[in-house]
Amino acid sequence: MSVSINDVEKIADLARLTIKEEEKHKFTKQFNLILQYFEKLNELDTSDIEPLSNTLDLTNVIRED
């Protein structure tokens, strides 16, 4: 999956941002680098890892009253 300049324009429109033409090219490149990183993360074997709802072992302190 890759992001095109049209995608960047649509994202900017939805976010109500005005971006210059040179920024469109910059953001397109940056979005594609982010997507490449996520694709790399998808290659990891996570079959032995249990899902977490929280990374810290915290519990709520509840008063008896």
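**Notebook: a walk through a predicted model**

I began with a definition: a residue is buried under 20% relative accessible area, exposed over 50%, and partly exposed in between, using a 1.4 Å probe and protein chains only. With that rule in hand I looked up Glu9, and at a relative accessible area of 31% Glu9 is partly exposed.

I reminded myself that this is a predicted model, where local features need pLDDT of at least 70, side-chain atom pairs count only at pLDDT 80 or more, and totals for chains, interfaces and linings use all residues. I also noted that residues are numbered from 1 along each chain as its sequence is written, and that side-chain values use heavy atoms, with hydrogens and water left out.

**Entry 1: the whole chain**

How does the radius of gyration of the protein chain stand against that of a compact globule of 65 residues? I found 20 Å for the protein chain, while the globule would have a value near 11 Å. The radius is taken over C-alpha atoms, and the globule rule is 2.2 Å times the number of residues to the power 0.38. I then boxed the C-alpha atoms along the principal axes and got roughly 60 × 35 × 15 Å.

I checked burial next: 11% of the 65 residues count as buried. The accessible surface comes to about 6700 Å², and 53% of that surface belongs to carbon and sulfur atoms. These areas come from the Shrake-Rupley method with a 1.4 Å probe; for residues, only the protein chains shown count as cover.

I also looked at the charges: the mean positions of the 8 positive and 14 negative ones are 12 Å apart. Here Lys and Arg count as positive, Asp and Glu as negative, and His and the chain ends are not counted. Each charge is placed at NZ of Lys, CZ of Arg, CG of Asp or CD of Glu.

Is Lys24 buried or exposed? I found that Lys24, in helix α2, counts as buried at 14% relative accessibility.

I searched the whole structure for salt bridges and found two. A salt bridge needs a side-chain nitrogen of Lys or Arg within 4 Å of a carboxyl oxygen of Asp or Glu. In one, the side chains of Lys24 and Glu9 meet at 3.0 Å, N to O. Lys24 lies in helix α2 and Glu9 in helix α1, so this pair ties together parts that are 15 residues apart in sequence.

I then found Glu21 and Lys24 joined by a salt bridge at 3.5 Å, N to O. This pair sits within helix α2, three residues apart, about one turn of the helix. Glu21 is partly exposed at 44% relative accessibility. Put together, Glu9, Glu21 and Lys24 form a linked network of salt bridges.

Which residues does Lys24 touch, not counting those up to four places away in sequence? My list reads Ile5, Val8, Glu9 and Ile19, where contact means heavy atoms within 4.5 Å.

**Entry 2: Phe27**

Phe27 is also in helix α2, and I found it partly exposed, with a relative accessible area of 28%. Leaving out residues up to four places away in sequence, Phe27 touches Val8 and Ile19. I also checked Arg63, 36 residues along the chain from Phe27, and the two C-alpha atoms are separated by 51 Å.

Where is Arg16? I located Arg16 in the loop between α1 (5-14) and α2 (21-42). Most residues other than glycine have a negative phi. Arg16, though, has a positive phi, near 55°. Arg16 is exposed as well, with a relative accessible area of 76%.

Last, I visited Leu56 in the segment after α2. Leu56 is exposed at 56% relative accessible area. Leu56 and Ser4 are 52 residues apart along the chain, with 39 Å between their C-alpha atoms.

Conventions. Helices (H or I, at least four residues) and strands (E, at least two) are DSSP runs, numbered from the N terminus.
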